[in-house]
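Here are some exercises to work through with the model open beside you. Try each task before you read its solution.

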Amino acid sequence: MGFKIFVVAMMVGFIAAAQISLASTVPAFLWAPGFSSVESKESVNYQIMSPKDLANSVLSQGGWSDLLCSERKNERPVDLAVVFVGRELHSSDVAGNKHADPALLNLLKDSFTKTNFSMAFPYVATSEEETMENLLVSSFKEACGHGLGVANVAFLESCSIEGGDFQKLANLHSVHDHLVSRMEKRTKGETDLVVLCHGGFKSLKELDQPFPESEILTEVMSSVEQSGAKYAALYVSDPFKSIHYPGYRELERFLADDTAKNGSASPKVCDEVCKLKSSLLEGVLVGIVLLLILVSGLCCMMGIDTPTRFEAPQEN
C-alpha cells in the first residue's frame, strides 16, 4: 500500500513538472510539398531547443541551407520559403488541450501528414528579449556565414525584424500581390523568403476584429499555391509576444545602458533554455515537497497504535 502511494506521488510530481515544461515551450512544423533534397520523409524532434537550434535544424535537417545560403545556388528545389509566426499555440495544445483552436490544429496536421517532406519540433523555448521572427532570421544569417543568399526578402509589418534592407508588406492583400509579382519576375534557380506574423501592434490598427489564425494561415497557403510557386513552409508559435507592451524592450535597453554607464557589473544572462530548465526544476522541487508531506502523514498514521477490536466489558 505504501509503495503504491509512493509511486502515485512521484507520478504527480513528474506530471506537474511536465506541465510547466509544456507551458514554457511552443511547437514548430516544417513541410514542403514536392521537396526531395533530403532522404527522410517525416520526422519528429522531441528535444527542447532554442530558436537558434531550431534555425540550425531547419537549415541542416530540413534542407533550407540549399535555399537560403548564398554559397548554394545550383538548382534550388523550391521557389519560395515561407516563415509563419503564430501567436496561439503552446506545446500543451498539440498534446490535446481543449482550449486550442481545432481548425488550426487540423490545418497543421494535414500539412504535416499530407506532404512529401515534413518535420515537427514540439518543444521550442521562446525568448522574452527578442521576437521569434527576429531570432530565426538572424540565426539563418549567422548559420549561412555570408548572409542570406535569397533573391528577395519580404516580411509583414506586424513582424519585428531588426537590420537588413527588407521589403515590407502592409497586409494579406499585399502579400498576395507580392507573390504573384515575384513569380513573374523571379529567374530560374532563385528563392525568395517571406516572413509573416499573425497579430502584432501594427496589425491591430488595420483590423477592427481579429481574424482566427487558422483562417489567415489558410489564406496565405492558398495565395502561395495560386501563385504556382514551389514552396517550403515553416510554422512556429510565439504567443508570449502578444502580451508585451511596445516600449518594454526599449525601456529595458535604456536601463541596461544606464547601468553599464554607472560601471556596475553586468550579471550573467539566463537564456530561454536556462529559464525553461529552471522552471522544470521548480516543478520537480514542488513534487518532492509534496511527496515529503505525504510520507510524513503516512508515518504519523502508521505510528498511531489503535486496537482493531475491543474486549467486551466483564460482568461483576
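**Exercise 1.** Find which residue in E4 is the bridge partner of tryptophan 31, and then which strands pair with E4.

*Solution.* Step one: the bridge partner of tryptophan 31 is serine 118 in E4. Step two: strand E1 (residues 25-32) runs antiparallel to E4 over 7 bridges, where strands are DSSP runs of E with at least two residues, helices are runs of H or I with at least four, and both are numbered from the N terminus. Two strands pair if DSSP finds at least two bridges between them. Step three: strand E2 (residues 42-44) pairs with E4 in the parallel sense over 3 bridges, and glutamate 42 stands opposite serine 118. Step four: 8 of the 9 residues of E4 (residues 117-125) are buried, so the strand is largely enclosed by the rest of the structure. Here buried means under 20% relative accessible area, exposed over 50%, and partly exposed in between (1.4 Å probe, protein chains only).

A note on the source: this is a predicted model, in which local features need pLDDT of at least 70 and side-chain atom pairs count only at pLDDT 80 or more, while totals for chains, interfaces and linings use all residues. Residues are numbered from 1 along each chain as its sequence is written, and side-chain values use heavy atoms, with hydrogens and water left out.

**Exercise 2.** Work out which residues are linked with Arg87 in a network of salt bridges.

*Solution.* Apply the criterion to begin with: a side-chain nitrogen of Lys or Arg within 4 Å of a carboxyl oxygen of Asp or Glu. Glutamate 133 meets it with arginine 87, the closest N and O atoms being 3.6 Å apart. This pair links distant parts of the chain, with glutamate 133 in helix H6 and arginine 87 in the loop between strand E3 (80-86) and helix H4 (91-94), 46 residues apart. Next, aspartate 238 also forms a salt bridge with arginine 87, at 3.6 Å from N to O. Aspartate 238 sits in the loop between strand E8 (231-237) and helix H9 (248-261), 151 residues from arginine 87. Together, Arg87, Glu133 and Asp238 make up the network. Finally, check burial: arginine 87 is buried at 13% relative accessible area, and aspartate 238 is buried at 1%.

**Exercise 3.** Is glutamate 142, which forms a salt bridge with lysine 52, buried or exposed?

*Solution.* The closest N and O atoms of this pair are 3.2 Å apart. Glutamate 142 lies in helix H6 (residues 132-144) and lysine 52 in helix H2 (residues 51-60), so the pair ties together parts that are 90 residues apart in sequence. At 53% relative accessibility, glutamate 142 counts as exposed, while lysine 52 is partly exposed at 39%.
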